[in-house]
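Me: I'm new to reading protein structures. Could you walk me through this one, feature by feature?

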Amino acid sequence: CAVTGWKTPKMQCCAGHLLPHASAHDALVFGLSPDDINNERNGLLLAQGIENVMHPPLRVCFLFDVLHNNWEFAVLDPELMQQAVQPTPKRFCELHRKSLEIPQGISPWKRLLWVHAEHAINGALKKGWIQGQAWEDELKKLASLLDQVNGKSDSDMAMRIWIANSISTAEGPVCNCHDPLHTVAGAAATKKETN
């Protein structure tokens, strides 16, 4: 698992898609092609307990730490903090702001995680799960990073509208992973991306 570092059995781990199969036709909004749905950079290998809370109402997210050039796991819902991350013995509070363990050269697409984080943080602020200037600053940083990637283009606005609509109305998981044995890591296609 990229968050816990725990070596879980295959049946308790999920290669969750960041942009789900059902949204393959929307890949162009993110500067990707529909063929990129099965790219290894469109997913994270997660313990089942983490994948479960990636569903709306977006109780966790992933933040990019620019200073250290890595991803961090962030718990937004305080009710999760003392809960165990199944099937591991770790609790969510032990993983909050922990750097992800991602194989070198297979970093997830930042634009997908940034937009997901932006929406998750906005939702958590509205629900009162989180508060304070630090989270407002995190939102400003996310918006700035997205603007750098997209150059404040129409694509940026379309991307934000797409993610807001798809996440806020989704009935299923954000990762859309129903088969824990499914893996995006074996995908043959790779796409070069600087961001």
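Reply: Helices (H or I, at least four residues) and strands (E, at least two) are DSSP runs, numbered from the N terminus. Two strands pair if DSSP finds at least two bridges between them. Here, Glu72 has Ser99 in β5 as its bridge partner. One caution before we go on: this is a predicted model, where local features need pLDDT of at least 70, side-chain atom pairs count only at pLDDT 80 or more, and totals for chains, interfaces and linings use all residues. Residues are numbered from 1 along each chain as its sequence is written, and side-chain values use heavy atoms, leaving out hydrogens and water.

Me: How many bridges join β4 to β5, and which way do the two run?

Reply: There are 2 bridges between β4 and β5, and the strands run antiparallel. They belong to an open sheet of 3 strands in the order β3-β4-β5, with antiparallel pairing. The edge strands, β3 and β5 (98-99), each pair on one side only.

Me: What about disulfides? How many does the structure hold?

Reply: A disulfide is a pair of cysteine sulfur atoms within 2.5 Å. The structure holds 0 of them. Take Cys1: the nearest cysteine sulfur belongs to Cys13 and is 5.5 Å away, so Cys1 is in no disulfide.

Me: Is Cys13 buried or exposed?

Reply: Buried means under 20% relative accessible area, exposed over 50%, and partly exposed in between (1.4 Å probe, protein chains only). Cys13 has a relative accessible area of 5%, so it's buried. Cys1 has 14%, so that one is buried too.

Me: Which residues touch the most other members of the largest nonpolar core?

Reply: A nonpolar core is a set of buried Ala, Val, Leu, Ile, Met, Phe, Trp, Tyr and Cys residues joined through side-chain atoms within 4.5 Å. The largest one has 47 residues, and Val3, Ile50, Phe62, Phe73, Phe92 and Ile121 touch the most other members. Elements giving two or more residues to this core include β2 (43-47), β3 (60-65) and α3 (110-127). The most comes from α3, with 8 residues.

Me: Can we zoom in? Which residues does Phe62 touch?

Reply: Contact means heavy atoms within 4.5 Å. Leaving out residues up to four places away in sequence, Phe62 touches several residues, among them Val3, Leu44, Trp71 and Phe73.

Me: How many aromatic pairs are there?

Reply: Rings of Phe, Tyr and Trp (its six-membered ring) pair if their centres lie within 6.5 Å; planes under 30 degrees apart count as stacked, over 60 as edge-to-face and the rest as tilted. The count comes to 4 aromatic pairs. In one of them, the rings of Phe64 and Trp71 have centres 5.0 Å apart and planes at 65°, so they're edge-to-face. Both Phe64 and Trp71 are buried. Ring pairs also link Phe62, Phe73 and Phe92 into a cluster.
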